[in-house]
Amino acid sequence: NSITIDIANAIDHRAVDELWQRYRAGERGLFSRALYTVEGQGVFDQVRNKYSTDLSFRGHVDRYIQDFERALADVARNDADNRQTQIALISDNGKVYTLLAHASGRLS
């Protein structure tokens, strides 16, 4: 729980909101370290490095990403105006997903 809060605080809220809107509209190549606060950039680097060197950590991250994407797909099925999907992406759990998916290379 405290890790979720730390990661959520590592991401600029307005930036992540705009970024996901643009990404879902089809733009790519949007994710960069600029999405994160100064402290958040350090968190991102730590996660990226641990993901590449720790197989157990990588497994946990991959499962989180898969679970979040599955839940997001469930939300999207009944979300004609995409509002609930956007809310999920900018929630604290969505911010964790963003950082983990970005650090793992999934959003590159």
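Buried means under 20% relative accessible area, exposed over 50%, and partly exposed in between, with a 1.4 Å probe and protein chains only. The model is predicted: local features need pLDDT of at least 70, side-chain atom pairs count only at pLDDT 80 or more, and totals for chains, interfaces and linings use all residues. Residues are numbered from 1 along each chain as its sequence is written, and side-chain values use heavy atoms, with hydrogens and water left out.

**Exercise 1.** Locate Thr 98 and decide whether Thr 98 is buried or exposed.

*Solution.* Step 1: Thr 98 belongs to helix H6, residues 92–103; helices are DSSP runs of H or I with at least four residues, numbered from the N terminus. Step 2: the relative accessibility of Thr 98 is 0%, so Thr 98 counts as buried.

**Exercise 2.** Find what Thr 98 touches.

*Solution.* Step 1: contact means heavy atoms within 4.5 Å. Step 2: leaving out residues up to four places away in sequence, the partners of Thr 98 include Ile 11, Trp 20, Phe 31 and Leu 107.

**Exercise 3.** Work out how enclosed H6 is.

*Solution.* Step 1: 10 of the 12 residues of H6 are buried, so H6 is largely enclosed by the rest of the structure. Step 2: the cover over these buried residues includes helices H1 (2–9), H2 (13–24) and H4 (55–77). Step 3: just after H6, Gly 105 has a positive phi of about 90 degrees.

Conventions:
Helices (H or I, at least four residues) and strands (E, at least two) are DSSP runs, numbered from the N terminus.
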